[in-house]
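Have the viewer open as you read.

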Amino acid sequence: PGATAFAAPKPALEFEPDYESAFYLRCNYKDALGITRTLGEICEQQKVSIFSMLQAKGVDSFVVLVENCKSSAIKQVATELAKKEWCVGEPFVMPVVMEE
């Protein structure tokens, strides 16, 4: 009937380095033909689905929101984009929360 002085131990938290999330990716570029096509092909190869893309006139960068995928997949997309001669610097990637 009496309460115990200590609560039962909680299970240990596990860190998942290859977590799943939606992601934001921003890429700076030098204008060239076929950038959007190349982005789509790279995403398809990594099984990353593009939710939306924004390219504003006069701004040499594009932003992509992708649907839930493994962090390793979007990191590979960024790595492949960085290899393209039109890519300026490293693409920026961060997880985001998107409402279902």
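Why does L25 count as buried?

## Starting at L25

L25 counts as buried because its relative accessibility is 2%; buried means under 20% relative accessible area, exposed over 50%, and partly exposed in between, using a 1.4 Å probe and protein chains only. A word on the source: this is a predicted model, where local features need pLDDT of at least 70, side-chain atom pairs count only at pLDDT 80 or more, and totals for chains, interfaces and linings use all residues. Residues are numbered from 1 along each chain as its sequence is written, and side-chain values use heavy atoms, with hydrogens and water left out.

L25 sits in strand β1; helices (H or I, at least four residues) and strands (E, at least two) are DSSP runs, numbered from the N terminus. Leaving out residues up to four places away in sequence, L25 touches F62, V63, V64, I74, V77, A78, L81, P91, F92 and V93, where contact means heavy atoms within 4.5 Å. Take A78: 53 residues from L25 in sequence, yet the C-alpha atoms are 7.9 Å apart.

## The core

L25 also belongs to the largest nonpolar core, which has 20 residues. Such a core is a set of buried Ala, Val, Leu, Ile, Met, Phe, Trp, Tyr and Cys residues joined through side-chain atoms within 4.5 Å. Alongside L25, those with the most contacts inside it are V48, F62, I74, V77 and W86. β1 (20–29), α1 (35–45), β3 (61–70) and α2 (71–82) each give two or more residues, and α2 gives the most, with five.

V48 is in contact with C43, V66, C69, A73, I74 and V77, setting aside neighbours within four places in sequence.

## Sheet and helices

Four strands make an open sheet in the order β2-β3-β1-β4, with antiparallel pairing; two strands pair if DSSP finds at least two bridges between them. β2 (50–55) and β4 (87–96) are the edge strands, each pairing on one side only. Between β1 and β3 there are eight bridges, and R26 stands opposite V63 in β3.

As for the helices, α1 lies across β1, β2 and β3 and runs at about 155° to β2. α2 lies across β1, β3 and β4, at about 165° to β4. Axes are lines fitted to C-alpha atoms, for helices over the stretch in contact, and angles run from 0 to 180 degrees between N-to-C directions.

## Back on β1: S21

S21 is in strand β1 too, and counts as buried because its relative accessibility is 11%. S21 touches E67, N68, C69, P95 and V96, not counting residues up to four places away in sequence.
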